[in-house]
Amino acid sequence: MSSMKRFRRMLSVILVAAIVLLCAGLFADDDEGEAAENGGAESASAVLFSDSTINRINAEYRSIEPILRKSCYDCHSAHTDYPWYHNLPIVGGMLDDHIKEGREHLDLTDGFPFGGEDDQAELLADMRKEIEAGDMPLLGYRLMHWGTLIEGARRDSVFNWIDRTLNVLRDSAQLKN
């Protein structure tokens, strides 16, 4: 075998190994401790919202939806755009498991109220915290999908929407009491 062929073969092996390692980084998640803290129980404090409240929140949501579509939808909606490496046998299964877990926690597919956890205010606060800490999207995802980190004006837009929505939810809950 010529040295050029050996070099190409070695380069291919290194590339595949790097992709597998990067994909494995997608699954490094700190949420296991959270599940143990709350006993794995779902929140029983779900609030029912009026149609006008939901319509108002969703009208504003449309302005930030493109940001979330680019950075969150692959793992947190039914609108996953699978990358080419999803076809790799082990990697595909790992991605499917990760996406399933992501949707169980937060599902953005149908707009607000989001699927996943019952307590929408808690879910919004968690979204803000994860984005603010730079924990979402996950580093492994960002390495394979450039430009998905929510920062700058995009981050400000998402945070403003979250803050306005939390205020609407708070006001709505107070009216019902």
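Helices and strands here are DSSP runs, numbered from the N terminus; a helix needs at least four residues and a strand at least two. The model is predicted.

**Exercise 1. Work out how the buried residues of helix 6 are arranged around its axis.**

Solution. 
- Step 1: Helix 6 covers residues 120-133, 14 residues in total. Its first and last C-alpha atoms are 20 Å apart, close to the 20 Å expected.
- Step 2: List the buried residues, those under 20% relative accessible area. In helix 6 they are Q120, L123, L124, D126, M127, E130 and I131.
- Step 3: View helix 6 down its axis. The buried residues fall within an arc of 160°, so they line one face.
- Step 4: Recall the helical repeat. An α-helix has 3.6 residues a turn, so residues three or four places apart point the same way.
- Step 5: Inspect the N-terminal end. D119 caps helix 6 there, with a side-chain oxygen 3.1 Å from the backbone nitrogen of A121.

**Exercise 2. Sort helix 5 into a buried side and an exposed face.**

Solution. 
- Step 1: Helix 5 has 17 residues and reaches 25 Å, close to the 24 Å expected.
- Step 2: V91, G92, L95, H98, I99 and G102 are buried in helix 5.
- Step 3: These residues cover an arc of only 130°, which puts them on the same side of helix 5.
- Step 4: The face turned away from that side carries exposed P89, I90, D97, K100 and E104.

**Exercise 3. Describe the largest cavity and its lining.**

Solution. 
- Step 1: The count is one cavity of 30 Å³ or more. The largest cavity holds about 90 Å³ of space.
- Step 2: Its lining has 13 residues; D74, P83, L95, I99 and Y141 are the closest to the centre.
- Step 3: Helix 4 (73-76) and helix 5 (89-105) are the elements that each give two or more residues. Helix 5 provides the largest share, three residues.
- Step 4: Classify the lining: eight nonpolar, three polar and two charged residues.

Note on methods
Residues are numbered from 1 along each chain as its sequence is written. This is a predicted model: local features need pLDDT of at least 70, side-chain atom pairs count only at pLDDT 80 or more; totals for chains, interfaces and linings use all residues. Side-chain values use heavy atoms; hydrogens and water are left out. The expected span of a helix is 1.5 Å times one less than its number of residues. Buried means under 20% relative accessible area, exposed over 50%, partly exposed in between (1.4 Å probe, protein chains only). The arc is that of the directions from the helix axis to the C-beta atoms. A polar contact is a pair of N or O atoms within 3.5 Å; within protein, one must be able to donate a hydrogen and the other to accept it, and residues adjacent in sequence count only if both atoms are side-chain atoms. On a 1 Å grid over the protein atoms alone, a cavity is a set of points where a 1.4 Å probe fits but cannot get out, and a pocket is an open set with protein on both sides within 12 Å along at least five of seven lines; lining residues have an atom within 4 Å of a point. Grid points are joined across faces, edges and corners, and a volume is the space filled by probe spheres set on the points. Ala, Val, Leu, Ile, Met, Phe, Trp, Tyr, Cys and Pro count as nonpolar, Asp, Glu, Lys and Arg as charged, and the others, Gly among them, as polar.
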